[in-house]
Amino acid sequence: MYMVVLKFGGTSVGSAEAVKQILAIVGGDEHLGRVQVIVVSALSGVTDALIGMAQKAALGDLTYREELLALEKRHEEFHGALLSGESRNEASAFVRSSFGELGRFLDGVGVLRELTPRVLDYIMSFGERISAVLISRVLTGAGRPAVYCDARELIITDDNFGNARFFPGESYLRIKNYMAKQSGLVVAAGFIGATGSGETTTLGRGGSDLSAAVFGAALNAEEVEIWTDVDGILTADPRLVKDAFRIDAISYVEAMELSHFGAKVLHPPTVKPALEKGIPIRIRNTFNPRGEGTRITRDGAPGKYPIRGISSMGDIALIRVQGSGMAGVAGFSSRLFGALAAKNISVILITQGSSEYSICFAVRPEDAHLSIEAISKNFEREIASAVIDPPILELNMAIIAVVGAGMKRSSGVVGKVFHALGRNGINVVAIAQGSSELNISAVIRKEDTAKALNAVHEAFFLAGIRSVNLFLVGTGLIGGTLLKQLERHRIILADKHKIRINLTGLANSRRMLFDSEGISPGAAKTLLMDDARQAEPFELSEFIKRMKSYNLPNTAFCDCTASDAVARTYEELLASSIPVITPNKRANSGAYEYYSGLTGLSREKGIPYLYETTVCAGLPVISTLRDLHLSGDTVRRIEAVLSGTLSYIFNNFDGSKTFSALVREARARGYTEPDPRDDLNAMDAARKALVLARECGMPLEFEQVSIEPILPEACFRAQDVDAFFGELEKSDGVFEERRKQAEASGRTLRYVALIEAGRAELSLRSEAPDSPFRSLVDADNMVVITTDRYSSLPLVVKGPGAGAEVTAGGVFADIVRIARTLV
């Protein structure tokens, strides 16, 4: 008959509601008639409470008595919610008797002021013994007759109190003989055993799991099910990686590797007795009994991914020993690790370069200084003679481990791991990989743990999904339009293109808001002003500091302001491996040294710096120039209409309206700033021309850009906008005369930037009938690029060069481009 052994952990028996789940599981169709043994832990938190009381008693701290009463009351309330009538009275008598005995033992510890491991084991055993008795009575009361089994009579161990080793032969025989006499359900106390002379022992970390495995092995069970409060073994710690998911099947050695580096669901050595007999272990969730859980077998089953999971050890110390006296010296490693072993120091990870010049290893932080002392003393003579250096200690480090037997069959796993870490600016201090290719471990800074886990997890398990954690500064016309576009298209991006844009930080000139779970783009501007969402006063340095402190993988910064101060942060951001997307021209049209530094830093670190929208909004001008350069072409000349305002004015300056009337019309249509002089001074067009010149390799400063003034000086001296238009109307005749001169020769006026032979200039030109600029309409921009390849017929980029929708769309495209670089 198919038979399983069930084990329920502390959270599964921690409350009356949890025990009702156990009743449903044991009595459900899946397990009805198939369960002979249930192994239970103490109620959640009880073992730690018992240890704490024992330690207090040994110190003479009488507050243990209050804690004892509280613990007794908890057990009374526990069974009181599950039993009634005579069964409840009997359970109450049992609890009073058990806690009376426990109290006498604690009092004895207090009198002697001594707590031996043997006595502590006996005190700890009360948790499982009381729990098992109560659970057996609850099952009986619910119509599933069950008997309590004192596992101390069956599991025989040595006398290593606190971490006793069981004896398989005698234990299995006793279990078989005991179970042969039982006709109903047996509820066994986990975690405990006894020596051959009957002294109570505990089985160490994961002892209740070991108890279940021992029963399963003795009875040749089909499966051992360990019920806990999670759905199984997950691909990563869900507290750090929200996209972690359940692993269907895993091998024993894979589970061992994951648990060594921090996965706490299971302590694999405890289930070894079952696996040695080929009995699978399944981890299941008491609170989600329909879930399949994770099945652990000797060899595991092939998975769809090259790795099984990612784990971490969040606080370790790294010690490095180096020196020329190490190379080729036989026995050096033996001597080094022998010194540590003599101090009972466990080494977590070891790595050594092939040069034998250095060796580094990881230990727990509490062992770090003792390790340094042991090495310094053992190699005192070598250090004194400078044959080797004094040992170097690095604290606040962590280990991430990528685990999976599938790595043997998959190439490129190591490259994918370190690409994911590198592109997120995570420095790897040390690397270790066993010859079995089951585990790749990397030592990183402790503060980067969550970021590293998420980056690697996404690279392997969400390879089809690329995400960006976006921090946006500027919610004005461009930024506000971008938020609307993000809201409209983010679901389509996620569903069709597997790109997730998570708006994590947001700021305008007054307030800022952060939410690592994501801010709704559609509600972002409202939330920014909502006190309930804890929006706070904006301070640029604090915004940058907070963004960096989140330390999220795939972080990107978007600047939708026209601020010099924000532009000055780009260098810091790129140096921190944070991509920058911006339509703000200030950085690229400021000092050449700063522009050159930013683009150089981007290339050097491989961190995107995207500014397509700084010239001609969403038109692909900068990317086209970059592609021409990368493909070996040389740009010889650029001619361009770069101002939407000036394009509109001169495209429509045909004599039907005066120049000043066209300027008024452009202002009314929103093509100019509130003060049109901000556009008619051609400064904005000059900055764009400077950016294009620099993209072509010209080391120009803004002062070197030649700008032909469009307006007479009197227009700029005018006190306000009305006065400006008054002065402009006085010049209508001058503009009309110039228009007529051009028309007489079949030409039209256009304000054009010319970039050629190391110079950049902007001027009002008369364009011939065959000029491409004659085809411009409305406020369109045009860039005409002449190169070695495009010499007789230049390359033309034409379209709307201004406007919130097209500019925000270009910024949006750059954000998506960031996501695409994550593969």
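Me: Is Cys696 buried, partly exposed or exposed?
Reply: This is a predicted model. In it, Cys696 has 25% relative accessibility and counts as partly exposed.

Me: And Cys616, buried or exposed?
Reply: Cys616 is buried, at a relative accessible area of 1%.

Me: How far is the sulfur of Cys616 from the closest cysteine sulfur?
Reply: The closest cysteine sulfur belongs to Cys696 and lies 13 Å away, which is too far for a bond. A disulfide here requires sulfur atoms within 2.5 Å. Cys696 is in no disulfide either, as its nearest cysteine sulfur is that of Cys616.

Me: How many disulfides does that leave in the count?
Reply: The count is zero.

Me: Switching to helices. At what angle do H6 and H7 cross?
Reply: Roughly 70°, with the axes of H6 (residues 168-180) and H7 (residues 207-218) coming within 9 Å. That angle makes H6 roughly perpendicular to H7.

Me: Which residues make the contact?
Reply: H6 supplies Tyr172, Ile175 and Lys176, and H7 supplies Val214, Phe215, Ala217 and Ala218. By class, the contact has six nonpolar residues, one charged and no polar.

Me: What about H29, how many residues has it?
Reply: H29 runs over residues 804-820, so to speak 17 residues. The helix reaches 24 Å from first C-alpha to last, close to the 24 Å expected.

Me: Which residues of H29 are buried?
Reply: Among them are Ala804, Val811, Phe812, Asp814, Ile815 and Ile818.

Me: What covers the buried residues of H29?
Reply: The cover includes helix H15 (477-497) and several strands, among them S17 (466-473), S18 (499-507) and S21 (555-559).

Conventions. Residues are numbered from 1 along each chain as its sequence is written. This is a predicted model: local features need pLDDT of at least 70, side-chain atom pairs count only at pLDDT 80 or more; totals for chains, interfaces and linings use all residues. Side-chain values use heavy atoms; hydrogens and water are left out. Helices (H or I, at least four residues) and strands (E, at least two) are DSSP runs, numbered from the N terminus. The expected span of a helix is 1.5 Å times one less than its number of residues. Buried means under 20% relative accessible area, exposed over 50%, partly exposed in between (1.4 Å probe, protein chains only). Contact means heavy atoms within 4.5 Å. Axes are lines fitted to C-alpha atoms, for helices over the stretch in contact, and angles run from 0 to 180 degrees between N-to-C directions. Angles under 35 degrees count as roughly parallel, over 145 as roughly antiparallel, 65 to 115 as roughly perpendicular and the rest as oblique. Ala, Val, Leu, Ile, Met, Phe, Trp, Tyr, Cys and Pro count as nonpolar, Asp, Glu, Lys and Arg as charged, and the others, Gly among them, as polar.
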